[in-house]
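Dear colleague,

Please find below the structure I am handing over to you, together with its sequence. My findings follow directly after it.

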Amino acid sequence: MKILFTVGGSQAAVFGAAPLAAAARNAGHEVLLAADEPLMAAAQSVGLPAVCITAERMRYGQDGMTAAARIDALLDLTGQWSPDLVVGGLSHVPRVLAARLKVPYVRHIWHIAPMARRDRTAVAELQPQLERLGLTELPDPDLFIDLCPPPLRPPGAPAARSMRWVPRVTQRRVEPWMYTRPEGRRRALITAGTRNLVLDTPGSSLRRLVEELTGAGVEVLIAALPEAAERYGAQLGGVRIGWIPLDVVAPTCDLAVHHGGATTAMTLINAGVPQLIVPDNGYGKAVAEAVSGFGAAILADPHRPPAGQAPGETGVAGCREILGDPRHAARTRAPARESAALPTPDEVLRDIEALVAR
């Protein structure tokens, strides 16, 4: 079977698709990942054969792609490599592609934020493309795979085949300090994912947060893009900063402070790490509300600090609360168990194989 995976946005989308794509390759299926140029390095880092669908436009100095251009690029690709099945994520462009090719379509996402309104708008915007390609309607996905544990899914979420989250990130040479706990000290991890160099904490007080934690005897690690160490390392008191494989270091942490990204939140849930989430957008806030509602995180909203508390105090106060109350660590074990009990990518792959065998 030939399976085309399509991803867009940040590196997190590549990391989310990688376990299922790897399971398909391990089972003997042919796999291609279609993505934009900025995601090529991430795809290569997790061992996926990736095709850049924006190369031609970039060659002529064009920025971005319309839905029509993206559909045409995917049609060009599938004219040379014809898939038996298409797997997509948040975008509905691959759904159009699958309908045009008359092959099954699998939607594969981490469904934690309400998406009904966004989906209706996206489908309406694609109507001209459907007409252009001679399609009368956009069919529902043949299979909806959700990486989010059922208790964290929003009310009214569509029926889905749950799949266990398998952490997958770009690796580097692993050193003992990454996979062992510091002796006699607690450890806190701070990260902003792959979109920003460092976390923008409430009141822009990252340095203060680091000083508060280190002053309390906590070892601080900052997982960030490599260039963050050059720009901010000297300002942050000599803490370890740079690219740290999150899946390796997470089980050694007592606290994680982050922006609310799906890859980050789910990897920490798997490891049973209490989280302080400082959302940097609406999606991050939805993640924070869901995870905190389940008792595995505290939401530190930079725009709505608690009464009598300055914005710069919110992150510090949240860290104090998590580290000072062992019940936070205990509550994180429930979603970790929920996630561990879900079907593996290998098990879900059997459902995908059945779609093509019909």
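H12 and H16 are roughly perpendicular to each other, because an angle between 65 and 115 degrees counts as such and their axes cross at roughly 100°. Helix H12 comprises residues 262–271 and helix H16 residues 333–340, and the two axes come within 7 Å. On the H12 side the contact involves Met-266, Ile-269 and Asn-270, which meet Pro-335, Ala-336 and Ser-339 in H16. By class, the residues of this contact divide into four nonpolar, two polar and no charged. Please note that the model is a predicted one.

H12 is largely enclosed by the rest of the structure, since eight of its 10 residues are buried. The buried residues of H12 are Ala-262, Thr-263, Thr-264, Ala-265, Met-266, Thr-267, Leu-268 and Ile-269. Just after H12, Gly-272 takes a positive phi of about 70°. H12 also lies across strands E8, E11 and E12, running at about 170° to E11.

These strands belong to an open sheet of six, in the order E10-E9-E8-E11-E12-E13, with parallel pairing. Strand E10 (240–242) and strand E13 (297–299) stand at the edges; each has a single partner strand, so one side of each is left without a neighbour in the sheet. From one strand to the next, the twist averages 15°. Strand E12 (residues 275–277) pairs with E13 in the parallel sense over three bridges, and Ile-277 stands opposite Leu-299 in E13. Helix H9 (residues 206–215) packs on this sheet as well, touching strand E8 (187–191), strand E9 (219–223) and strand E11 (255–258). The direction of H9 makes about 170° with that of E8.

Is Thr-191 buried or exposed? Thr-191, which has its place in strand E8, counts as buried because its relative accessibility is 8%, under the 20% cut-off. A polar atom of the Thr-191 side chain lies 2.8 Å from the backbone oxygen of Ala-223. Leaving aside neighbours within four places in sequence, Thr-191 is in contact with Leu-199, Ala-223, Val-257, His-258, His-259 and Thr-264.

An open sheet of seven strands has the order E3-E2-E1-E4-E5-E6-E7, and its pairing is parallel. At the edges stand strand E3 (50–52) and strand E7 (161–162), each with a single partner strand, so that one side of each has no neighbour in the sheet. Strand E4 (residues 85–88) is joined to strand E5 (residues 105–109) by three bridges, and the two run parallel. Within this pair, Gly-88 stands opposite Arg-107 in E5. Helix H5 (residues 93–101) packs on the sheet, touching strand E1 (2–6), E4 and E5, and its direction makes about 170° with that of E4. Helix H17 (residues 345–357) packs on the sheet too, touching E4, E5, strand E6 (143–146) and E7, with its direction at about 165° to that of E6.

Strand E6 pairs with E5 in the parallel sense over four bridges, and Phe-144 in E6 is the bridge partner of Arg-107. Two bridges join E6 to E7, which run parallel; here Ile-145 stands opposite Arg-161 in E7. Both faces of E6 are covered: Leu-143 and Ile-145 on one side are buried, as are Phe-144 and Asp-146 on the other.

H17 also meets helix H1 (residues 11–26): the two axes come within 9 Å and cross at roughly 70°. That angle makes H1 roughly perpendicular to H17. Pro-19, Leu-20, Ala-23 and Ala-24 in H1 meet Pro-345, Asp-346, Leu-349 and Ile-352 in H17. This contact of H1 with H17 has seven nonpolar, no polar and one charged residues by class.

A final point concerns backbone geometry. Most residues other than glycine have a negative phi. Lys-102, however, has a positive phi, near 60°. Lys-102 lies in the loop between H5 and E5 and is exposed, with a relative accessible area of 72%.

With kind regards

Terms used. Residues numbered from 1 in each chain as written. Predicted model: local features only at pLDDT ≥ 70, side-chain atom pairs only at ≥ 80, totals over all residues. Heavy atoms only, no water. Pairing = 2+ DSSP bridges. Contact = heavy atoms within 4.5 Å. Axes fitted to C-alpha atoms, helices over the stretch in contact; angles between N-to-C directions. Parallel < 35°, antiparallel > 145°, perpendicular 65-115°, else oblique. Nonpolar A, V, L, I, M, F, W, Y, C, P; charged D, E, K, R; others polar. Buried < 20%, exposed > 50% of the residue type's maximum accessible area, 1.4 Å probe, protein only. Polar contact = N/O pair within 3.5 Å; in protein donor to acceptor, adjacent residues only side chain to side chain.
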